Every structure is written in C-alpha cells, then in structure tokens.
Amino acid sequence: MTSTRPPSTNGTAPECALVQGAPECTCAQEAGLLTEEQIVTRALSKLRFEQRADRAGKAAARRGLDALLAHARTRGPSELVSELLRIGLMVRLLTADDAEADDVEALLQEYIELADLDGDPRRLGEAATLRAHRTAVFGHGENALADAAAAFAILTDITAPAPGEDPARWSRQLSRTLNGLVVVLLKLGSHELADEVSQRAVAVAESSGSVMDRLVHQLNRVRLQLSWALRLERGGRDAAAATRFVGAVQTAHAAARLWQPAMSRGSVVAGPAVRECSVIGAAYALQRPGPEHLDMLRTLHPMAHFTEDRVVLAIATARCLLTAGRAGDAAEALAPLHEELRHAATSDAVLALALHREVALVEHIARGGTPSEALQHYAAALESELWALREARHTALRSHSEHHRLAREHGAVAAQALQDPLTGLPNRRALDMRLAEATSAAGSQPCAVALIDLDGFKAVNDARSHAAGDAVLRAVASCLRTALRAQDLVARYGGDEFVVVMPATALPVACAALQRAADAVAALPADVAAGVTMSVGVVRAPLDGEPSAALAAADAAMYRAKHAGGNTVVSGAAAPGAGHDGAGPAGRGAARSPVRVPPHR
C-alpha cells in the first residue's frame, strides 16, 4: 500500500519506505537527516511491519533495522543505540529461530553493557527482561525465573521520571518496557504477575502513549486473559475461566476502538478489528462459542502471525464448530497446528498444553466415545501436579523478586559509600579497589592510569562562587564519562583532580583516548564549564606493581603537562612491578622520556 502523507520538512519520507510498499527501505541513507526520535519511530514501524510481512518483507525489515543500528553505532554509545538494540533483539526473539541464537547473545551483551554504563533503572529492568526472554525462547523456562523476577522488582519500583526527564517520553519508554515483561511472564505461565504488570503498562501508556502503544497494551491484555482462562479450564476451574473469558471480551472492546485510528495509514483506512485482528475475534468466539462466528474466524486465520495467536484461534474455531454439530470439522481445524507443535518446540507451554487437551477432547467427541475412567483419573492427577508446579513457579518468582528488591536496597547503601556525592563518580575508596584489581597479576595486560587536573578551575571558584565551581566539576565529570569507554573507570580523586583507569590499554591508545576527552572538555560551552581545560598525565602501570607508584608517576607527568601550558596530555612510565629485574629499555626505576601529545585545535 502507499501513503498520501506529505514529505517531512527535511525532505525525507515521514515513515519507512518499506512500510509504504517499497521492496527496500532507505532509512540508513536518510538517517543523517532524521532526529533520534524519528529514527526510533521508523525502527518501531519496521518491527510491526516485520510481524505481518512475508519472508522477503521480513528479511528487508531486518536489513533496515541492522543498517540503522550500524549508523547509530558510529555516534558512539547512546540511548539511540540502546533502543535500536532492543528493537533488533525483539525482532529475533519473536521469530524464535535457533539459527539466530548467537546473534541474540551478541546484541544482548552489547545492550547489557550500555545499560550498566547508563545505570538507568528502566534500562536495567529492560536488560533483565531481555535476558529472561532470551532464556525462555532459546533455553529452559525455569532458568528465566531469576531474571524475570529481577525485572519485576526493578520496574515495579519505578514511580516517576528522573528530574529533568521528559515525562511523555518517560511514560512511552516505561510502558513499552513493561509490555516486554508481560510477554515474558506469560511465557513463564505467571498470569497473576503478568496481570499486575499489564495493568501498570496500560495506566502509564494512557497518560501520553501513542494510539499504537495503547493498542499493543490492550491486545496483550486480551492475550493474557485468554491464556489465563484456558489454563484455569485445564485445572478444572471453569467458573474462574468464564470470568477471564468475559474480561478478555471487555478488553477486546477497548482494543477494537483503538484499532482503526492505530492501523489506518494515509488514505488507507483499516477495517473493523473483529475482521482483521485474530486476537480480538478469538476473544468474542471463546466467550460464547457458536456457528455465527465461523465466517469471521475463517477470515482471521491468515491474520494470525504468532504461534500463540494461532493456538487461541484454532481452539476458538474448534469450539464454534462443535456447537454447530461438526465434530469432525473441529478435529480437522486443530490437526495441522497440533501436528506442527508435536514436531516443533514452542516457548509458551501453557497454550501448547491447552491445544493438546483440546485435540484430545474433540477427537473423543468426533469418534462418538468418552475417555476411560482410568484415563480421566490420570489426566486429573497430571493436571493437579502441573497446577502445583505452576503455583511453585509463581511463588519462586515472588520470592526471587523480593530477594532482588532487598539486595538492590542493600547495594544502593553500599554504593553510596563508594560514590562521590558531588559528581556521582566513584570516589577515592572505589578507585583504590579498582586500581588494586587492575594491577593484580590476574590481569592479562598492564593498564593505563591517568591523573587529570583542571586548568583555570581556581579562578572559577574565586571569580564566581563555589556553587559555580561545583557545577563545572559535574559538567566535566559527565563529559569524561561520556567521552571515554564503558570499561574505563573515571573517579574523582579530590578537589579538581580526576583519575582514569583504563584496563589492558596500551599507552598510545590511552593517550589518544584521553586527548579526545580533553578536546571534548575544552569544547564545552563557556556557560557550562567556564572555559576550564585539562592537564593530563598518563602512565602504563605494570602488572603486580604498586598502585601508589602508578599514581605518583601519573601525577609527575600531569605536572609536566601543566608546565607545557595545560590543555594537553603527557605520558610517562610507572616504576616496574614486583618481580621485574629492570631489564629492558628503561631499567629499574627509570622513566621514559615524556611524550607530549599536542592538543587538537
């Protein structure tokens, strides 16, 4: 289909060309002209497109997403990279192709590293959710419990955006993260916890989420209610199941109202949800099965793209056929999917078991017989055992979640003892611990250690105020943290001095990275950093050496940078580590001639 929407003011199409009907998207070529928000919007549109596309369309959407991610990586670690990693992971996790397990692992590790670097609770909860989802799809569900519980503890503790954060953007991102956790909890069969998270996601999205966001949340609530109802039926809790079926229809009404405004594009208007959305149609049919639903259900089968949706639709179709007295047709409606699931693993065991149960019941009816009494007793005992296991899993999730919440609270107190309260950077105590670790014999390569002193900082305190000086220190600390690598430790040493520990880093590499950081600080606006610059001394600390010797050598190199005029990086050498005989170019205790790295102008 094509869109009649006008082009945006920057000359690029307002949405992905792939979504508009082109065979390939041009997002990567246009990315330089788009805002980060527009790039994310295009990536999300590709995620939704991919779920409904044929094989060629799915491949094209994947190429477009990977190209956008490659473009974003050229800008360095950022919130944009994290969001594109998340979307790329979701595409692969929803496909659940074992051949992509290695790609999922690589993308997940990159996302986790960025989340740890950022420290934002929402993103940390997202990382735990993605780990649990990965394990549920490619591993064993039980192993996903701890990560799902950690995500639940983190995300349900988030109540408001951080100071200065855009509330609308915060609510959109949090609601999407909560939605991902709902999907994982459903795969683990924890309907109660999924219901809690789903209600929170809907409430958060209502404030400022897009129509599409709100539709997605309502559809997932329909899926939740239907899965829960089918699970209750298996456990012999028919009255409770009926209540859930009614709840699914009520939520389907809410989703149907959002369907057309969310799915219509340009001059192409979406049809009625009950004719285009398999989940909504299945909810109506399961709440009150009857032959009047059969024509609708027949048109919906091509619309069901996920295995879980196909299971629910097949069960709904079979029950409507049974009410019409067509038991043989009901069995035929279930047979293809039943055969498929016998030979292919599915990450949603709850719905897979519901389908197998439905096949057994329908086949007995179709053959005109009833199951033997012994078989009925066996099935009841088995379901009772499965129910007990489900309850145990739910209890374990709750227990893991409370344990993680307590551990986080304790960890927050411990972290405060290692954090500089002004800049938020690690303090002297944390630095000592990291230096001892980095210079231990367990390391594979020596680390680089840099000592930084700010040029012109005293004048800021004298001419402006100590409050202004504090603001400059915070700005410089943030700039250093952004300019350097995730694995590099940036600590506040005291006053206007900072120390950087760069594990397994050669001296030329460290010098180049520190010079880029110095350039970034020098380029800060005058109203932010008051024109301060950095004098940097950097040395290579030998393994099994004394951390104090490395700091002393870096301090000496920093003073040479000061005497050279400041705003520069000077390298030297630390004293050799324990066990070295001094043989080599410099010998024991000797320092190499300082190498001055001129500042880039």
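At roughly what angle do the axes of helix 15 and helix 17 cross?

**Entry 1: ground rules**

I am working with a predicted model, where local features need pLDDT of at least 70 and side-chain atom pairs count only at pLDDT 80 or more, while totals for chains, interfaces and linings use all residues. I number residues from 1 along each chain as its sequence is written, and side-chain values use heavy atoms, with hydrogens and water left out.

**Entry 2: helix 15 and helix 17**

I began with the opening question. The axes of helix 15 (residues 307-323) and helix 17 cross at roughly 20 degrees and come within 10 Å. That makes helix 15 roughly parallel to helix 17. I noted the scale: angles under 35 degrees are roughly parallel, over 145 roughly antiparallel, 65 to 115 roughly perpendicular, and the rest oblique. Axes are lines fitted to C-alpha atoms, for helices over the stretch in contact, with angles from 0 to 180 degrees between N-to-C directions.

I also noted the hand: helix 15 and helix 17 make a left-handed crossing. Left-handed means that the near helix is turned anticlockwise from the far one by less than a right angle; clockwise gives right-handed.

Next I listed who meets whom. Helix 15 brings Glu-308, Val-311, Val-312, Ile-315, Arg-319 and Leu-322. Helix 17 answers with Leu-351, Ala-354, Leu-355, Arg-357, Glu-358, Val-362 and Ile-365. Contact here means heavy atoms within 4.5 Å. By class, the contact of helix 15 with helix 17 has nine nonpolar, no polar and four charged residues. For the classes, Ala, Val, Leu, Ile, Met, Phe, Trp, Tyr, Cys and Pro are nonpolar, Asp, Glu, Lys and Arg are charged, and the others, Gly among them, are polar.

**Entry 3: helix 10 and helix 17**

I stayed with helix 17 (residues 349-366) and looked at helix 10 (residues 211-234). Their axes are 10 Å apart, and the packing angle is about 55 degrees. Helix 10 and helix 17 are therefore oblique to each other. Helix 10 passes helix 17 in a left-handed crossing. On helix 10, I marked Ser-227, Leu-230, Arg-231, Glu-233 and Arg-234 as contact residues. On helix 17, I marked Val-350, Leu-351, Leu-353, Ala-354 and Arg-357. The contact of helix 10 with helix 17 divides into five nonpolar, one polar and four charged residues.

**Entry 4: helix 2 and helix 4**

I then went to helix 2 (residues 36-52) and helix 4 (residues 79-95), whose axes cross at roughly 0 degrees and come within 10 Å. Helix 2 and helix 4 are therefore roughly parallel. Among the residues that meet are Ile-39, Val-40 and Leu-47 in helix 2, and Leu-84, Ile-87 and Met-90 in helix 4. By class, the contact of helix 2 with helix 4 has 11 nonpolar, two polar and four charged residues.

Is Cys-27 buried or exposed? I found a relative accessible area of 0% for Cys-27, so it counts as buried. Buried means under 20% relative accessible area, exposed over 50%, and partly exposed in between, with a 1.4 Å probe and protein chains only. Cys-27 is in helix 1 (residues 27-30). Leaving aside neighbours within four places in sequence, Cys-27 contacts Cys-16, Arg-42, Lys-46 and Leu-68.

Ser-198 lies in helix 9 (residues 191-208). Ser-198 is buried, at 3% relative accessibility. Not counting residues up to four places away in sequence, Ser-198 touches Val-182, Arg-221 and Leu-224.

**Entry 5: loops**

Between helix 24 (547-563) and strand 5 (568-571), I found Gly-565 in the loop. Gly-565 is exposed, with a relative accessible area of 62%. Asn-567 is also in the loop between helix 24 and strand 5. At 10% relative accessibility, Asn-567 counts as buried. Its phi is near 50 degrees, positive in a residue other than glycine.

Ala-504 is not a glycine, yet has a positive phi of about 45 degrees. I placed Ala-504 in the loop between strand 3 (497-502) and helix 22 (507-522). Ala-504 is partly exposed, at 39% relative accessibility.

**Entry 6: whole chain**

The chain has 24 helices and six strands. Helices (H or I, at least four residues) and strands (E, at least two) are DSSP runs, numbered from the N terminus. Of its 601 residues, 48% count as buried.
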